Amino acid sequence: MPHGDAHARPHHGDLRRLRRRYRLQRRVTTLLALGYFTAFLILSAGEPALMARPLLGGLPTGLVLALSHVPVTWLAVLVYERTARRYVDPLAFRVTRHAPWAAGTERERLP
């Protein structure tokens with residue numbers, strides 16, 4: 001087996017793992033943010049009595065849920081950032097380090 005083929009398999013395996021991790025990361029964070037928003041819209045349209053019911057300090061449930069969109073969006077961003085640093089970035093570094101086009105170039109380690 002030629003030398004180039006020996007490095008192709010691990011590189012392709014890492015690339016497949018990177019794609020899977022990145023795809024999962026996108027799906028989870030997108031579903032978190034958009035799922036919350038969709039649930040809010042469905043409740044607003046389908047359960048107006050529930051959304052008008054007082055919840056915190058007399059504020060209607062719908063208003064409390066609407067105001068919580070910002071924290072939920074920030075939570076999705078934090079989940080995205082954490083999973084990127086923990087799972088996606090190390091795989092991306094490994095794929096880049098073993099890439100044929102990166103041979104001979106100076107590469108920095110991710111923080």
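Modeller: Buried means under 20% relative accessible area, exposed over 50%, and partly exposed in between (1.4 Å probe, protein chains only). The model is predicted, with local features requiring pLDDT of at least 70 and side-chain atom pairs pLDDT 80 or more, while totals for chains, interfaces and linings use all residues. Residues are numbered from 1 along each chain as its sequence is written, and side-chain values use heavy atoms, without hydrogens and water.

Colleague: Why is glutamate 81 called partly exposed?

Modeller: Glutamate 81 has a relative accessibility of 37%, so it counts as partly exposed.

Colleague: What makes arginine 85 and glutamate 81 a salt bridge?

Modeller: A salt bridge requires a side-chain nitrogen of Lys or Arg within 4 Å of a carboxyl oxygen of Asp or Glu. The closest N and O atoms of arginine 85 and glutamate 81 are 2.8 Å apart, and the pair forms a salt bridge. The two residues are 4 apart in helix α4, and therefore separated by about one helical turn. Helices are DSSP runs (H or I, at least four residues), numbered from the N terminus.

Colleague: Why is aspartate 14 called buried?

Modeller: The relative accessibility of aspartate 14 is 6%, so this residue counts as buried.

Colleague: Which residues are linked with Asp14 in a network of salt bridges?

Modeller: Asp14 is linked with Arg17 and Arg94 in that network. The side chains of aspartate 14 and arginine 17 meet at 2.3 Å, N to O, and those of aspartate 14 and arginine 94 at 3.6 Å. The latter pair links distant parts of the chain, helix α1 and helix α4, 80 residues apart.
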